[in-house]
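Welcome! Here is a short briefing to read alongside the structure.

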Amino acid sequence: MTQQSLGEFEELVLLMVAAQHDEAYGVTILEGLEEKLKKKVNISAVHVALKRMEDKGFVKSRFGGITEDRGGRRKKFYVITALGKKMLDAQYDLRNSIYKQIPKISFG
Amino acid sequence: MKKQRPYPPQLSLRFFRWFCHPKLRDSIEGDLMELYEERAKEKGKRKADIRFVLDVLLLFRPGIIKPTEGYQNLNTYDMYKNYFVTAWRNVVRKKSSAAINVFGLTLGITCALIIFALVSYHLSFDNFHHDSDRIYRFVTEEHRDQVDYEASVPPVFGKAFREDYTFAEKVARLCTRTNSLITIEKGEISEKYTDQIAFAEPAFFEIFNFPLVAGTLDQFAKPNTAIITERVAKKYFGNEIPLGKTFRFYNNFDLTVTGVLKDIPVNTDLRSEIYFSYSTIKQYSEWYAADDAWGGITSDIQTFTRLQPGVDPLEVEQVLPAYVKKYRANSKNVHHYKLQPLTDVHFNAKYGGVMDMTTISILSLVGFLLVFTACLNFINLATAQAVTRAREVGVRKVLGGFRSQLFWQFTIETGLIVLLATLLAVTVAHNTMPYINSFFDLQISFNLFSDLKLSGFLVALIFTVTFFSGAYPGIILSGFKPVQALKGKLKAVQSGSFNLRRSLIVAQFTIAQLLLIGLIVMVFQMKYFGNTDMGFNHEAVVIIPTGSNDEKLNSLKDQFSVVPKVESVTACFAPPASNTNQWSTSVLYDNRSEAETFSISYKGGDENYLATFGLELIAGRNLTTSDTVREFIVNEKFVAKLGLSSPEDVLGKQLGVNGNSWKGPIVGVVKDFHDQSFHSDIEPIFITTRKSTYNVFAVKINMKDAANTLTALEKIWSNMYPEQIYKYDFLDDQIASFYQTEQRMMTVIQVFACIAIIIGALGLYGLVSFMAVQKTKEIGIRKVLGGDVAQILWIFGKEFTVLVAVAFLIAAPVGWYVMSQWLSNYVFKVDISIWMFVLELFIVAIVVMVTVGYRSVKAVVANPVESLRSE
């Protein structure tokens, strides 16, 4: 298998899924992201990212029970997989290692 | 409550539901609704509506939209996966019945595969020659008081036909000699081989597709040239170039190799690998080469032709009587020359075909029956266990499974088991093929990948067996009424009629008993061969070739007779019964003006012939010592054929045989003995002295210390003929070889009968287990109420006794009919007696008792508390 890629927005969604462990579904992820990013995020973007990552095997999903809310629709909860976690770690290490190469500069 | 909630724009929601992938629809719609409600609360309905429509539009993108080709496929694949999972679970859960099924099917399929390989091997014989539909062999019907069939015509026939008529494109004569002595001089040493050779006309290689790889045919018209195959070239000359090399034939004449043939394929009856040019034949036999050789027929020489396109063989046969009129006008042996198609050569036993079509059909039938019984077994077990799967069927139906889906599910299950059995069968067949080849003297290859016919057959077999054994249980199972099935009210009766299951068992046992009856009759007939006195002594008689017919013969005889433990020695044409050296001739008796209508068979031998073979004189005296024809001894049959009552009547009368060239008085009459195998009647024979025809020594030895005696004989012979190869046979072995076909056939039937019985027993076992499970409660109650074990056992016993009895009533008459047909091949045979059937029934009874008994005793001795506690 070729090296799996992780887009910038996908990475954010994945981080959010990991952070909201076992409680993450469309709306919570959307709200979490809006809160952190301090800007409007589109629900469609979140769902597309989730679907792609599920296909790639970074997250897996399960259905919640049916409640009176949401027009009686089930929630689809997402959980990060081992592969997804590995991917996040790799991204983190990559950024960290590059960051560490920045020479000490003091501004002002 | 619900109505008070704000509701998103209907149109866009419907749009979303329409385009969204069904797998995602629920959760995304839920998210949308949740967000909508939240926003409506915070920012009002209008803003929420706008956001909703925007979100829906933004979701309209690949990944969310459902695929156009239909997502349903995914579901069906999953269903198929489920079929396999269910099938596997079933196999694992019911290990014993799965094992019975797989084992039974494996046996059946293995037999079918092997039989198919065997049959297609035989059917492929000589099918690789160009225009083989126009190739014929000339054969002869000899009409005397009875009709004999010869696979050849007079030696000169081919030549005459070629010159006189234009029907044929090519005519070729072929003279085959087996076990010929070939010597190759290699410096000091000379290597000796005994191989089959054939004298062939050049046209032979134009009719038959045996291509040359080196040399040309041009040289092959000349005398003393030879063509050999690559294999023989390698054997004789190693890696040297064979062209131009020479070898000797019977230390008589030299041959030079002028061509090398590609190796002969296995599927041909023309097995010679060494061909001498036909012009060399003069040096071998004057008579074979003579232009007036119309007087007789030798089985050595076969004549083949490829007719011109469009020529009708019947048209050709109509002109052939002209030869008889012209050259054999006075003979009492009226020849009728016929054309035998090449495709018939391998199969027509009358003309020496190896494999007759009857045997092929019987084999195919047996193969079919074995697969059939294995399938019956499967059906039987599957329907018997149908009840245990009623719940599953109920649930599947309630959840919306169609009947056809259930049917396919069970068919796939069957297919899996068949596939497993086939894999095993292929492995078994592949590993047993070498043994079968050596047993039948065959060279069948068993290669699935290179043999398209075989792999095609295998695929067809898998499908047929799957459908045949899967369809009925599939129909039964898929026909269950869901409510009844779920309530557990289904009874065995509904899971396929019990009568049907009974008839399946009856069918299986009919087949098994049929084979068993056949086997028993064959065993008795073979025993009869072994035990019946042939009328002469054939024990402890060693047959050794004479080597030559000059004075060395007498010298050898003298040397042999002084070896200790040698009881008597005779030099003779052939032993009293022989398959290889048979020669019959017309006979002129006393002063009668015309030859008799019957032929008489020649048994040449010196004055020790009668003593060595223990032939009993009933009138007259023994022959006196002579090297040429002087006196005759005849048998009782000859006297009877002449219509005379007493053997004394022929004594002193003149006899003329071999075209009246051998003449002399009859001096003795011997008691009849079997001069051929038990297939044929005893023929009139005459015994006389003629040294030049002696082929073999027959040496009667004392079997104590036989090894030393044999070594002594070999030493004497090899000293006399250092340039030849010594070989010997026991007469007993030669006689046993008369019945080699029967021996083989018997072994084959034996194996098949065993397999049929095993398959039958497996089926029986399956049925008994089913009955035992069904009757658990009944047995428990009976025991509680005081029924004893024997009584309860009889519940099982009577069922199967009846079934086997019915099968027997069907098998016995059929078996009797078939075996009487088979026995009619023999003039001397056993009568089919009632005891054979009793024996057969006894064997089957034991098998049934063991199978049924084992399982039912287990059921009967179980503690009734166990079976009655529940409920």
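This is a predicted model: local features need pLDDT of at least 70, side-chain atom pairs count only at pLDDT 80 or more; totals for chains, interfaces and linings use all residues.

Residues are numbered from 1 along each chain as its sequence is written, and chains are lettered from A and ligands numbered from 1 in the order in which they are written.

**Two residues of chain B**

- B:Leu823 has 17 C-beta neighbours inside 10 Å, so it counts as partly exposed. A residue is buried if 20 or more other C-beta atoms lie within 10 Å of its own, exposed if 12 or fewer, and partly exposed in between, with C-beta atoms placed from the backbone.
- Not counting residues up to four places away in sequence, B:Leu823 touches B:Gln525 and B:Lys829. Two residues are in contact if their C-beta atoms, placed from the backbone, lie within 7 Å.
- Between the C-alpha atoms of B:Leu823 and B:Ala429 there are 32 Å, and the two are 394 residues apart along the chain.
- B:Ile109 belongs to helix H5 (residues 95-123) of chain B. B:Ile109 counts as buried because it has 27 C-beta neighbours inside 10 Å.
- Leaving aside neighbours within four places in sequence, B:Ile109 is in contact with B:Val371, B:Ala421, B:Thr422, B:Ala425 and B:Leu461.

**Helices of chain B with one buried face**

- Helix H8 (residues 230-237) of chain B has B:Val232, B:Ala233 and B:Tyr236 buried. Seen down the axis of H8(B), these fall within an arc of 105°, so they line one face of the helix; the arc is that of the directions from the helix axis to the C-beta atoms.
- The cover over the buried residues of H8(B) includes strands S3 (168-186), S6 (225-229), S7 (246-249), S8 (253-261) and S9 (274-277) of chain B. After H8(B) comes B:Gly238, with a positive phi near 60°.
- In helix H14 (residues 390-398) of chain B, the buried residues are B:Ala390, B:Val393, B:Gly394, B:Arg396 and B:Lys397. They fall within an arc of 170° seen down the axis of H14(B), so they line one face of the helix.
- Helices H15 (403-440), H16 (452-478) and H17 (482-487) of chain B are among what covers the buried residues of H14(B). Just after H14(B), B:Gly400 has a positive phi of about 105°.

**Chain A and its contact with chain B**

- The contact takes 17 residues from chain A and 17 residues from chain B. On the side of chain A, helix H2 (26-37) and helix H3 (43-56) are the elements that give two or more residues, and H3(A) supplies the largest share, six residues.
- Helix H1 (residues 8-19) of chain A packs against H3(A) at an angle of about 85°, with the axes 10 Å apart; axes are lines fitted to C-alpha atoms, for helices over the stretch in contact, and angles run from 0 to 180 degrees between N-to-C directions. That makes H1(A) roughly perpendicular to H3(A), a term for angles of 65 to 115 degrees.

Note on methods:
Helices (H or I, at least four residues) and strands (E, at least two) are DSSP runs, numbered from the N terminus. Angles under 35 degrees count as roughly parallel, over 145 as roughly antiparallel, 65 to 115 as roughly perpendicular and the rest as oblique.
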